[in-house]
Amino acid sequence: MPVLVRIPTPLRTLTKGNAEIQAKGATIDSVVDDLERQFPGLKERLLDETGELRRFINIYVNQEDIRFLQAKKTTLKDGDEVSIVPAIAGG
Amino acid sequence: MEKLNGLRCRECGRHYPAAPVHVCEFCFGPLEVDYRYDALRGVVTRESIAAGPPSMWRYKDLLPIDGDIAVGHHVGFTPLIRARNLADELGCREVWVKNDSVCHPSWSFKDRVVAVAVTKAREFGFDTVACASTGNLANSVAAHAAEARLKSYIFIPADLEQGKVIATLVYSPTLVAVHGTYDEVNRLCSEIADKYRWAFVNVNFRPYYSEGSKSYGFEIVEQLGWRTPAHIVVPCAGGSLITKIWKAIKELKLLGLLDERLNTKMHAAQALGCGPIVTMIKNDTDVLVPVRPNTIAKSLAIGNPADGYYAYKTTKESGGSGEHATDEEIVEGMLLLARTEGIFTETAGGVTVAAARKLIERGVIPRDESIVLCITGNGLKTPDALQDRLDAHVKINPSLSAFDRALADLKSQTS
């Protein structure tokens, strides 16, 4: 299941500077595993010691926050776009 | 005086040089300005502050500015008002209103954060500033960019109140209305900030920007005669302001400027239609569940607040609490403040007044303790919120007899 993953600046040191990566996986969980295969070290940046998504990272599938979907179990289809976005302030 | 050590991750403590970056590369935690408090102790005194200008810049030593102030020389030092009529109405002994609805130049507390961010953008040599905004930040960034003669790109949700749109456009920024919620605008801006080399005040300039809010807290304490109130009720959107007011009080304590021990309780006020931080407080959990906003308090309509976790921790650490207000209660809160104190605040101020009232009625805030209400924006920007709630005015021909008849009618209606 190829999907496009957008990588934020803080993680691009691991992706050789690439802002967009093709990854495979039927769920967010498996996409994270595939990213780790391609770019070792990426997974521990995204997940904490307990395997949960780090507090200050938001993941979106086609612009929708995965916390409004099935979180890390959210299923993906061909051509979906996954964005990894650090939390930002506002007002 | 060397007062800054660069930036530091609030979560894992990693150090970074002072630069326009906001996220820890390792854990994604927010970066925060790291001050050398040892160098500031004894240098920043009540007297040195009192000798400063009547603006937020009297606290410049505690803000992350190295050089001269570029813009917003007159921001801050807004009135702290003893609200005796409101106190009577609420059945309380001592109520104060910190009134940033008259903050210069764009009528909200956002001028404090933007003055710091735009000054910093100049220091780092940027030619363009930008922001995602629910309105007040848009007004302020556009105003200060005009003063700094920088280009500005302002991103807002397309359904923003007309008053806030006009109060942005007047400064000639590039205004981009995005079909979506503020949270969607914010996510988009995060991606835009990654691509374009702009000073996004609430993204890559967040560590500097957010420090400006501390001045609101410093002023409360100084204007109370270097006393801290027992309670401060703060409206929460992204959750940064409540965190920074608390930080300001702790810094004053750290620098030896407070005689008393830290005894202020911080309370969060949010709309029921968008209250994820208060929900955390009520459920006593540090896990934020994002919501889709549905409230008239659009300036607080952030369903995924970046500082929600820290806002929750602030209320917890200080022994405070939080309360939601319905749209109806928000309007009542706006009307109550106007009727008792002659202050016209926007919907966010209505949230603060309404939440405070409920906290008082629940006994969470005792009636005999001092309370500061944070009023952070001006009602003239959002008149639509009250349109249907205000009595129609009397219309007459220009004759004395017409007025006499109208007056008699009014008296018979109210008797």
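At what angle do helix α13 and helix α14 of chain B pack, and how far apart are their axes? The sections below take up this point and describe selected features of chains A and B.

## Basis of the model

This is a predicted model, in which local features need pLDDT of at least 70 and side-chain atom pairs count only at pLDDT 80 or more, while totals for chains, interfaces and linings use all residues. Residues are numbered from 1 along each chain as its sequence is written, and chains are lettered from A and ligands numbered from 1 in the order in which they are written.

## Two helices of chain B

Helix α13 (residues 327-341) and helix α14 (residues 347-361) of chain B pack at an angle of about 90°, and their axes are 7 Å apart. Helices here are DSSP runs of H or I with at least four residues, strands are runs of E with at least two, and both are numbered from the N terminus. Axes are lines fitted to C-alpha atoms, for helices over the stretch in contact, and angles run from 0 to 180 degrees between N-to-C directions. α13(B) and α14(B) are therefore roughly perpendicular to each other, a term that covers angles of 65 to 115 degrees.

Residues of α13(B), including I330(B), M334(B) and L337(B), meet residues of α14(B), among them V351(B) and A354(B); contact requires C-beta atoms, placed from the backbone, within 7 Å. By class, this contact of α13(B) with α14(B) has eight nonpolar, four polar and two charged residues. Ala, Val, Leu, Ile, Met, Phe, Trp, Tyr, Cys and Pro count as nonpolar, Asp, Glu, Lys and Arg as charged, and the others, Gly among them, as polar.

## Domains and sheet of chain B

Chain B is divided into domain 1 (1-40) and domain 2 (80-106 + 211-386), with bounds from an automatic or database domain assignment. Taken over C-alpha atoms, the centres of these two domains are separated by 27 Å.

Chain B also has an open sheet of three strands in the order β2-β1-β3, with antiparallel pairing. Its edge strands, each pairing on one side only, are β2 (15-16) and β3 (31-35). Y16(B) in β2(B) is the bridge partner of L7(B).

## Strand β3 of chain A

In strand β3 (residues 57-61) of chain A, five of the five residues are buried, meaning that 20 or more other C-beta atoms, placed from the backbone, lie within 10 Å of a residue's own. I57(A), I59(A) and V61(A) cover one side, and N58(A) and Y60(A) the other.

β3(A) pairs in the antiparallel sense with strand β5 (residues 81-86) of chain A over five bridges, and S83(A) is the partner of Y60(A) there. With β4(A), β3(A) forms a hairpin that has two residues between the strands, and N62(A) in the turn has a positive phi of about 45°. Y60(A) stands opposite D65(A) in β4(A).

How values were computed: Buried ≥ 20, exposed ≤ 12 C-beta atoms within 10 Å, placed from the backbone. Pairing = 2+ DSSP bridges. Parallel < 35°, antiparallel > 145°, perpendicular 65-115°, else oblique. Contact = placed C-beta atoms within 7 Å.
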